[in-house]
Amino acid sequence: MGKRILLLGAPGAGKGTQSKRLAETYGVEHVTTGDALRANKDMETEYGTPRSFMEKGELVPDAVVNEIVEAALEDADGYVLDGYPRNLSQAEYLTEITDLDAVVYLNVAESELVERLTGRRVCDDCGTNFHVKFNQPEEEGVCDDCGGELVQRDDDTEETVRERLSVFEENTEPVIEHYRDEGVLVEIDGEQTPDEVFEDIRSVVDDA
């Protein structure tokens, strides 16, 4: 069985970047809630399909998300879980369906998260991410990969970013405390360079 890794952190902490790298390094699946829901839009649960909620613009209920994630984990020979659990009830459900080898929290100050998220620019054509400070394109406003226009997404404005961080704190802080209380949470300084963060995570996973 491959490594089973849970990566926690606020929006902008670097979970996506690190998860992909971990998945490649350890040869395991990168499981995100969004991808799992999109891949299983029509999966029947006793509460309906994810599509029935997504098309109305409604939040998919925990019970449906739980079933989708469980199916994704069952199919995976090891995984990096990114974006789940988002609240305490999901964390408790996760404990029932799998055993984790490592629970890692990327700790980043709010001011740093705001700077990272508001500076993000996304290619309107191919979706490649850039950043006005940390990952600048060769030509300002133009995608290096396809030449498309770089735009700031609506959810990357400062007002929206602060709201997203507030929601994260309200819903997901109890998850972090839950794993801390269980004595399994390892905190890593997410403000280091991506390579330094990766090496710290890797040492935790290798020791697990």
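Leaving aside its neighbours within four places in sequence, which residues is glutamine 90 in contact with? Select Gln90 and look around: Asp62, Val65, Asn66, Tyr84 and Pro85 are in contact with it, contact being heavy atoms within 4.5 Å.

Before you click further, some ground rules. This is a predicted model, where local features need pLDDT of at least 70 and side-chain atom pairs count only at pLDDT 80 or more, while totals for chains, interfaces and linings use all residues. Residues are numbered from 1 along each chain as its sequence is written, and side-chain values use heavy atoms, with hydrogens and water left out.

**Stop 1: around Gln90**

Gln90 sits in helix H5, residues 88–97. (Helices are DSSP runs of H or I with at least four residues, strands are E runs of at least two, and both are numbered from the N terminus.) With a relative accessible area of 4%, Gln90 is buried. The cut-offs, with a 1.4 Å probe and protein chains only, are under 20% for buried, over 50% for exposed, and partly exposed in between.

Now colour the residues under the UniProt annotation "binding site", which comes from an unreviewed entry: Thr33, Arg38, Glu58, Leu59, Val60, Gly83, Tyr84, Pro85, Arg86, Gln90, Arg153 and Arg164. They are spread over 132 residues of sequence and also in space, up to 28.4 Å between C-alpha atoms. UniProt positions follow the numbering used here, feature names are shortened, and such annotations may be inferred rather than shown by experiment. One of the annotated residues, Arg38, is in helix H2 (residues 33–39) and counts as exposed at 52% relative accessibility.

**Stop 2: helix H4**

Select residues 62–74, which make up H4. Show the side chains of Val64, Val65, Asn66, Ile68, Val69, Ala72 and Leu73, which are buried. Their cover includes strand S2 (29–32), H2, helix H3 (50–54), strand S3 (79–82) and H5.

**Stop 3: H5 against H7**

Show H5 and H7 together: they pack at an angle of about 40°, with axes 8 Å apart. That makes H5 oblique to H7. Axes are lines fitted to C-alpha atoms, for helices over the stretch in contact, and angles run from 0 to 180 degrees between N-to-C directions. Under 35 degrees counts as roughly parallel, over 145 as roughly antiparallel, 65 to 115 as roughly perpendicular, and the rest as oblique.

**Stop 4: the salt bridges**

The whole structure has 16 salt bridges, each a side-chain nitrogen of Lys or Arg within 4 Å of a carboxyl oxygen of Asp or Glu. Pick Arg162 and Glu110, whose closest N and O atoms are 3.1 Å apart. Arg162 lies in H7 (residues 158–181) and Glu110 in H6 (residues 110–118), so this pair ties together parts 52 residues apart in sequence. Arg162 is partly exposed at 38%, and Glu110 is partly exposed at 39%.

Next, select Arg120 and Asp156, which meet in a salt bridge at 3.0 Å, N to O. Arg120 is in strand S5 (residues 120–123) and Asp156 in the loop between S7 and H7, so the pair links parts 36 residues apart in sequence. Are Arg120 and Asp156 buried or exposed? Both are buried.

Definitions and conventions. Expected span 1.5 Å × (residues − 1).
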